[in-house]
Each structure stands twice: as structure tokens, then as C-alpha cells.
Amino acid sequence: MLHRTDAGWKDRHYPPMSETGNGPTFADDAGTEGIAEVRRQEALLKTGALQNAILTSANFSIIATDEKGIIQLFNVGAERMLGYTAAEVVNKINPSDIHDPQEVKARAQALSIELATPITPGFEALAFKASRGIEDIYELTYLRKDGSRFPAIVSITALRDDYGAIIGYLLIGTDNSVRKQVELELNKAMAVAEKANLAKSDFLSSMSHELRTPLGAILGFAQLMESGSPSPTSSQKRSIDQILKAGWYLLELINEVLDLALIESGKLTLSLEPISLTEVVRECHDMIESQAQKRDIRMTFPAFEIRYFVKADRTRLKQVLINLLSNAVKYNKVGGSVVVDYAASTLGRIRICVSDTGEGLTPVELTQLFQPFNRLGKESGIEEGTGIGLMVSKQLVELMKGSIGVESTVGVGSVFWIELNLTAEPRSGAAPAEPAPVAQAQARAAAQSRTLLYVEDNPANLMLVEDLVARRADIRLLSAEDGNRGIEIARASRPDVILMDINLPGISGIQALKILRADPATARIPVVALSANAMPRDIAKGLAAGFFRYLTKPIKVDEFMDVLDVALKFAKTQSARASEKEKE
């Protein structure tokens, strides 16, 4: 510090004051300010370096405009992506000039509809949302200087001053070519996979049809012989039983292979709805009882104290339970027992258990249990099986949002169980109505000289139906070997019911049905499909087309006769209603 002496101004040095002194700490204040300044300068340098790194990034195109949309900044990334130098675009063009004009026009039209205000093509179409404070990221095509194109994802933001006024716009874009190429390749792969799935489905449908056609003749005529008059001899009965046993087993194998293929391809669809567990278990009991009696197996089923309803597909749930019950009978000991029980949990689920007194399974066998085509060494045994049933059952239960498992002790037996979600009982009238059983005797007594037209090109199938109908003195059978001829006969004879094959020469059964429905003279005739096309999609397609019922080959005689009676009764009701309307 300078001070005055007689000799003039001299510098006097004072030691710095300590924090405990009585005066201000000059040295400490100077040091603090110096440190703060250094830090501020470092922060500015860091921020400047960060901004510079962003602006010089070659991976992003950064374009800044003034409030009118004229480009003011064009970074290195924009130069690399678009092929222009900054000097070629700054103060000369706006960003819409480097976009595909047709896409910009389409964007303007779309935004005009979305925001209910006219938006002109050009920069306004790009900046309109941002100018209203709406976050905007769009995908459009950028145009390079050389005329080439590439897809880009662009984020646009309005730049504002301290008073909130727009002073420009910032557009940050990335090249989207790689993602688009990946999407293109993925779409191609999905198209190829879909084509392969369709080919597989067509093959399975064709295979099912080709296998069912001859099998239909085998099982159909065997059933005719079994129930014919006079009754077959004991020797003939044994032969017929073997034919039917082998035929139904082959049909079961076909169905299980098709189910497995549908599940693996993701094509199997289920209809999940509230199902009465009491009713399903009772129906399964009725279906399995005769099989158990033949093996002297004692069956015990629960008496449900509460009417439980589960969320499931009725047909598939029965398929699963029948599979478990059939296995419990087949692999049981002679004179053994099968016990079906249930237990509801507090978690909104119910477990149905099927216990048997068979040989039981080892820990190794349990790990292999749900593998397809694995019969756990039972291939050489007397029991027939495919090794598919449990695998299909597992997949079906899981598709119904349930689970399946097993507990087993060698020498004691096994307990197979499934768990399903409980649901509320449907309101009255909401549950799908069960078809009321039709008394054949009443239907036949009420019927007088009814006419049935069968459109079928396969002689064996036609002969089978002729023999079945011959047992009904009240029905007269007409036949046609193709769809066009069938339509002619239907128009001329007005049959009460029509049986229609699907795969016919000329036009298909579905096409023939549409023609019959379009003609007022034949529109009311119930048409029942009788086809070897038994895939679920085939059945759904047929019912959607308007068939009264859809029966699959091989024919089950009792089912066929029941459906025929229902159709004849329906035709009679329709005829009566038409007569009443005419009188009015």
C-alpha cells in the first residue's frame, strides 16, 4: 500500500488480516473472488466446448433458422448428410426446400385436418406445431444436393427470446436409413414366414381331407354293419369292433397331430367364456364311464356343493379332461380306481385333480412327461397312444390362462391336475344355451315323406349316406354329383334339407350355398355341410358362410341322425311360418 513520507510516496506492506482480526479480511475476499472467477471461466470453457462438440457433430444434422424459416446455421453433420456446404444454404433457403415436396404437402393436409386449421405446404407445415408450443418429432424424406434421398427423423423446437417471442427454429435430424432397412428386412422375413405358415396350413388342411375321406368310408360302413339288421354274428362283431377301434384311434391321431401343428403355428383360437365346471365334469364322466367299465376300473366323481364357473373354452376343456381321464384308465391296474376331485383357492382359481392307482412315474419320467411323441417307454406295450395328448393338453390349458402339473409315486399312482381361473356365473340368458336334445321318435313321427338332397362327388360317401337314409322310411333321398347340378335339383324339387360337400367339381359347396341363399325359392332350405375339411378354420369359414350345421367326416352315425332330425324339424317350422305369412 502507498503511504506518504517526507521523501515522497512509498509502498508499505502490511501482513494480511486474519479472520479473527477486527477489520475486513481483504486477502480472503480477493482469494475467494479469484477462485470463483476461475471456476466461472472453466464452466464457460466447458459449456463452449460442449456446444462446439454438438455443433460439429457429424452424427446429427443441426439446422437453425430465423423466425421466417431462413437457415442461419448449418452444422457439419448437416453438411455431411445433405451434401451442401453451409455457405450454399445460410440466408438462402429454408428447411422445406431440402424435404420431399410431396411429403411436405401431405403433412400440411394431415395437420390441417388434425388441428382444424388451414396449413400451407412449405416451412409452415414443418414448424406449425413447434410454433404453438407442441412437441413435434416427424419422419420425412431429406433430399441431398445430388438428388438422392434418405429417410430422416427430425425434432423441431421454437427458439424464443426473454419475452417469449419466437426468434427462430432449431431442427435436429438423424439418418433413419438403417432402421428403415431393418424394418424392410423384418417385414420381408415376416411375409416369408406368413407365406410358409399359410402353406403349412394348406398342407395340413389338405392332409386332413385326404386322410378323412377314406377313413370316413371305413368307419361309416363299419358302424352300419355294427347296427345293421340282422345283427352281426359274434365273429363278425369282433372283426367290426377291431375295425372301429383302429379307425377311431387313427382319427384321434390325425386330430392330435393337427392340434399340435395349429398350436405351434399360433393359429389355434379359443373362445374363453364362463363355463359350468359341474356340467363339463358330468359330461366327461358319461363319456369315459364305458371305457372304465371294460377294464373294471372304479370311477369316483365329486358332487359339487357349489356351482363353479371357470373361464375356458368348453370344447377344449373337455378335450383336456378326457385326455387325463383316458390316461388314468389306460395306464391303471386291473380293478384299480380313478378319483376326480377339486379344490378352490382364495386366489380365484380352482384345481381339478385326476388320481389313479397305476404304476406311477419315476423322477426321470416326470421330466419327460410333456414332450411330444414321448411315450416313456410304453411304445412296446399293449396300450395304444401317440405321445401327443399331454403335450396338446398342456398347451391348451396354458392358452386358457391355466396351469397343469403332476405328482407321482412309483408303485402307488399319479395325480394329474389342472388349475383354471374362476369367474362369476353368467346372468340368466347370457350363457350360451345348450342345444336341447331332440327326441328322434317324436321327430320321425311328425315327419311325413321328407326329402333330403345330398350333393357329393365321392361314390363311397354317397353310398354310405344312402344306406343310412334307407333306414328311415320317412325320408326320400336325392343326389347330385356337383354343385351346379345340386342347385338345379334344389330349385326343381325344393327338398326339405340339403347335405352339401365342400370340395366339389366345378363350384365349391360354399359357392353353391351362396347361390341357394340368393334365390328366394331355396333361401329358406337348411343346408348342412358334410365335409372332410375338418380344420377349425374350415369349420368357422363354413358356419360363417351360412351352413345350418357343419359335420365332419368320418360320420358318427348317431350325431349324423340327430343333426338330420334337427334340420328336418327346423325346415318344418320354417314351412309353417311361411304358410302363416301367406294366409295373412
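Q: In this predicted model, which residue in S7 does Asp 66 stand opposite?
A: Strand S3 covers residues 61-66 and strand S7 covers residues 166-175. The two strands pair in the antiparallel sense over six bridges. In S7, the residue opposite Asp 66 is Gly 168.

Q: What is the order of the five strands in the open sheet?
A: The pairing in this sheet is antiparallel. Strand S4 (71-74) and strand S5 (136-143) stand at the edges, each with a single partner strand, so one side of each has no neighbour in the sheet. From one strand to the next, the twist averages 30°. The order of the strands is S4-S3-S7-S6-S5.

Q: At about what angle to S6 does helix H5 run?
A: Two helices lie across strands of this sheet. Helix H4 (residues 101-115) lies across S5 and strand S6 (149-160), at about 155° to S5. Helix H5 (residues 123-131) lies across S3, S5, S6 and S7. Its angle to S6 is about 45°.

Q: Which residue in S14 is the bridge partner of Phe 309?
A: Strand S10 (residues 309-312) runs antiparallel to strand S8 (residues 273-276), and four bridges join them. Glu 273 stands opposite Ala 312 of S10. S10 is also joined to strand S14 (residues 413-423) by two bridges, again antiparallel. In S14, the partner of Phe 309 is Thr 423.

Q: How far apart in sequence are the parts that Lys 145 and Glu 88 tie together?
A: Side chains of opposite charge can pair when their charged atoms come close. Lys 145 forms a salt bridge with Glu 88, with the closest N and O atoms 2.5 Å apart. Lys 145 lies in the loop between S5 and S6 and Glu 88 in helix H3 (residues 86-89), so the pair ties together parts separated in sequence by 57 residues.

Q: Is Lys 145 buried, partly exposed or exposed?
A: A residue counts as buried under 20% relative accessible area and as exposed over 50%. Lys 145 has 47% relative accessibility. This value falls in between, so Lys 145 is partly exposed.

Q: Which helices hold Lys 318 and Glu 283?
A: Lys 318 forms a salt bridge with Glu 283, the closest N and O atoms being 3.0 Å apart. The pair ties together parts that are 35 residues apart in sequence, because the two residues lie in separate helices. Lys 318 is in helix H9 (residues 314-330), and Glu 283 is in helix H8 (residues 277-294).

Q: Which residues are linked in a network of salt bridges?
A: The whole structure has 23 salt bridges. Lys 318 and Glu 283 form one of them, and both residues belong to the network. The linked residues are Glu 279, Glu 283, Arg 307, Arg 314, Lys 318 and Glu 425.

Q: How far apart are the closest N and O atoms of Arg 485 and Glu 488?
A: Both residues lie in helix H14 (residues 483-493), three residues apart, about one turn of the helix. Arg 485 is partly exposed, with a relative accessible area of 42%. Glu 488 is partly exposed at 46%. In their salt bridge, the closest N and O atoms are apart by 3.1 Å.

Methods
Residues numbered from 1 in each chain as written. Predicted model: local features only at pLDDT ≥ 70, side-chain atom pairs only at ≥ 80, totals over all residues. Heavy atoms only, no water. Pairing = 2+ DSSP bridges. Axes fitted to C-alpha atoms, helices over the stretch in contact; angles between N-to-C directions. Contact = heavy atoms within 4.5 Å. Salt bridge = Lys/Arg side-chain N within 4 Å of Asp/Glu carboxyl O. Buried < 20%, exposed > 50% of the residue type's maximum accessible area, 1.4 Å probe, protein only.
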